[in-house]
Amino acid sequence: MFHGLYLISDAADVQAEKIIAQALRGGARILQYRDKQRPPEQRLEVAARLRRLCRETGALFIVNDSPQLARDCNADGVHLGQSDAGVSEARLLLGTDKLIGVSTRTVEQALKAQSQGADYIGLGSMYPTASKDDAVVVGVDTLRRVRKAVQIPIVAIGGIDREGTAELIAAGADAVAVISAVTQAPEPALAAREIALQFNSRHTFPRGRVLTVAGSDSGGGAGIQADLKTITLLGSYGTSAITALTAQNTLGVRSIHPAPADFVAAQLAAILEDIGSDTLKTGMLFNADIVAVVSRAIHRHSLISVVDPVMVAKGGAPLLEQEAVRAVRDLLLPETYLLTPNLPEAEALCGMAVRNLDEMEAAARKLQEMGARNVLIKGGHLAGEAVDLLLEGERLHRFSAPRIATTNTHGTGCTFSAAIATYLAQGRPLVQAVAAAKTFISTAIAGARPLGGGHGPVNHWQAAHKGQEG
């Protein structure tokens, strides 16, 4: 099906081809090769290499402008400009089983391309862009009008990044074409994944796959059990890799039996090589060997990872060995898309006091410098309102909720991070995902019912159902 992230590149050198390979691994579904500089024989060589990369990842390979080159390299299709060869001429050369796209700017051009037999249209520019000298901004309103007029897929083109993607999908784009938003990103695979995941918002439920890597809580309030409840109730498909078994209840942890690191690796491989996952969230990792295994899996599969650095249970039992803290800093933080520590965890990771909002911001910036792409520091240990700070790139966001007087907060951190990972897997951008998860966990705490004689669990069921009603 023709949808998702559409990457455009001239593949100018070996480094550019490496970036393309990373973007394809991160989730780019269509690659368009646009090259007006090289002589024909060199373009054919480059096209053949790019086609192989696309075949390895299941992506479509489209050649820009030249039906002849598309035929010679056995591309999946060709993309034509308004001044290029016509659709019928390209069809005669390529045959009926190849895709033909046409660049358009208006409803009239889109209807004409459809009537001539185009398989899809490119529409743009959506936003101002520096990648084409002749780009004319047509805007999102034109996209909406074209969507109502044509039945074939639409690729939104021009000035698009992760922030603009959600608006374009809502307006009717089947794919979004990007260049610099991925090719110039520090981590092209992750940049591609951020954009590609947003197309999950168009899927039916269960929407998105979430892999939780955490310990088992025999009391059912935290860990794997809380994660899978959250993932399922919010409408995604959950898988798991168990890092440790615990004997615990609402009064505390009685015993911990860690899984061997190679068995954790085997669980991860079994899931990721078959079912796959859109996001991964971590909870209790327990020791340095398990931290290393999880870090490698995130890197290898270019996963959007939500890392909840679980260190101590509510009753005070340590859940992360001391040498594993260094492994989290050195190995896991550089692979982390979103880090979600509470105040004590932030202090342990960055080595500074974190007791108020200013210190939370300073800690978030330090943790970002240590490798985490985004940082959400949870303010549950502050006095007054429960204020969480999200450092998203260079932008700071605050999320607050009234403090609820209750002792039934077991599993709060697990549930919150699992909800964020779930909303990300369903296609919500980061800030929206955190906001929705904050509402979810606040509702779950407010609806908690006493179970046992200690810290009871939050109410996952009520939070999910109230969210659906809202």
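A salt bridge here is a side-chain nitrogen of Lys or Arg within 4 Å of a carboxyl oxygen of Asp or Glu. By that rule, this predicted model holds 22 salt bridges.

Let's begin with one of them. Asp65 pairs with Lys36, and their closest N and O atoms are 2.3 Å apart. This bridge links distant parts of the chain, 29 residues apart: Asp65 sits in the loop between strand 3 (60-64) and helix 3 (67-72), while Lys36 sits in the loop between strand 2 and helix 2. Lys36 counts as exposed because its relative accessible area is 61%, and the cut-off for exposed is over 50%.

Further along, Asp174 and Arg202 join their side chains in a salt bridge of 3.5 Å, N to O. Asp174 belongs to the loop between helix 7 (162-171) and strand 8 (175-178), and Arg202 to the loop between helix 9 and strand 9 (209-217), so their pairing ties together parts that are 28 residues apart in sequence. Asp174 is buried, at 10% relative accessibility, whereas Arg202 is partly exposed at 42%. Other bridges share partners: Arg162, Glu163, Glu187, Glu194, Arg373, Glu392 and Arg395 are joined into one network. Within it, the side chains of Glu163 and Arg162 meet at 2.9 Å, N to O, and Glu163 is partly exposed with a relative accessible area of 41%.

Now turn to helix 1, which covers residues 14-26 and reaches 19 Å from its first C-alpha to its last, close to the 18 Å expected. At its start, a side-chain oxygen of Asp13 comes to within 3.2 Å of the backbone nitrogen of Gln15. Just after the helix, Gly27 has a positive phi of about 125°. Which residues of helix 1 are buried? They are Ala16, Glu17, Ile19, Ile20, Ala23, Leu24 and Gly26. Among the elements covering them are strand 1 (4-9), strand 2 (28-33), helix 2 (40-57), helix 8 (180-183) and helix 9 (188-197).

The largest nonpolar core has 57 residues, and Leu5, Leu50, Phe61, Met126, Leu168 and Val182 have the most contacts inside it. Helix 2 supplies the largest share of this core, 5 residues. Leaving aside residues up to four places away in sequence, Leu168 touches Met126, Tyr127, Val140, Leu143, Ala156, Ile160, Ala173 and Val176. A second, separate core of 43 residues includes Ile271, Leu285, Val325 and Ile377.

Finally, visit Glu273, in the loop between helix 11 (261-272) and strand 12 (279-282). Glu273 counts as exposed because its relative accessibility is 55%. Glu273 and His301 are 28 residues apart in sequence and 9.5 Å apart in space, C-alpha to C-alpha.

Technical notes:
Residues numbered from 1 in each chain as written. Predicted model: local features only at pLDDT ≥ 70, side-chain atom pairs only at ≥ 80, totals over all residues. Heavy atoms only, no water. Helix = DSSP H or I, 4+ residues; strand = E, 2+ residues; numbered from the N terminus. Expected span 1.5 Å × (residues − 1). Buried < 20%, exposed > 50% of the residue type's maximum accessible area, 1.4 Å probe, protein only. Contact = heavy atoms within 4.5 Å. Polar contact = N/O pair within 3.5 Å; in protein donor to acceptor, adjacent residues only side chain to side chain. Core = buried A, V, L, I, M, F, W, Y, C linked by side-chain atoms within 4.5 Å.
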